[in-house]
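Let's take a friendly walk through a protein model, stopping at a few residues along the way. Keep the structure open beside you as you read.

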Amino acid sequence: MTTEIGKPAPAFAMDCDDGKTSLAEYGGKILVLYFYPKDDTSGCTSEAKAFRDAIEAYRAAGVAILGVSKDSVASHAKFRAKHELPFRLGSDPEGTVCEAYGVWKKKSMYGREYMGIERSTFLIDRDGVVRAEWRKVKVTGHADAVLAAAKAL
């Protein structure tokens, strides 16, 4: 399964470092759902900090942010505290949400192939419909591009 622009976002429910969350919780709000490979790695930290640094603009636009990786709730709690992240991080250890959004992919590093999360972001409107997606995200400028797209909804 994978997402399709203009179609309903796949429903999800998962644990966060501060309780549980689900797609239904964001009904009536614009949601930036971003998937990242691993807590506290350089690219993932840069991406999280970019969203953090733009949080006031996101809030002013009525946009919620939810980051997702396969890391544990405990790992998310440490990552969030260390970098003062003002948004929730969902834990998907079984990869069911990653599979639903089509971000669990074959990757390659130094000639070695492995399965992992492809850095991806989905913009979901107030009605739960996917309005934009970014695959193989490059971190620089990404949070600004997502905010611009969210403001256009």
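Begin at K136, in the loop that runs between strand 9 (130–134) and helix 5 (142–151). Keep in mind that what you see is a predicted model. K136 is not a glycine, yet its phi is positive, at about 50°. Is K136 buried or exposed? Its relative accessibility is 59%, and because anything over 50% counts as exposed, K136 is placed in the exposed group.

Now move to another loop, the one between strand 3 (30–35) and helix 1 (42–53), where you will find D40. D40 also is a residue other than glycine with a positive phi, here near 60°. Its relative accessibility is 37%. That value lies between the 20% and 50% cut-offs, so D40 counts as partly exposed.

Where does H83 sit? Look in the loop between helix 3 (73–82) and strand 5 (88–91). H83 has a relative accessible area of 11%, and because buried means under 20%, H83 is called buried.

Which residues is H83 in contact with, once its neighbours within four places in sequence are left aside? They are D40, T45, K49 and R52.

Note on methods:
Residues are numbered from 1 along each chain as its sequence is written. This is a predicted model: local features need pLDDT of at least 70, side-chain atom pairs count only at pLDDT 80 or more; totals for chains, interfaces and linings use all residues. Side-chain values use heavy atoms; hydrogens and water are left out. Helices (H or I, at least four residues) and strands (E, at least two) are DSSP runs, numbered from the N terminus. Buried means under 20% relative accessible area, exposed over 50%, partly exposed in between (1.4 Å probe, protein chains only). Contact means heavy atoms within 4.5 Å.
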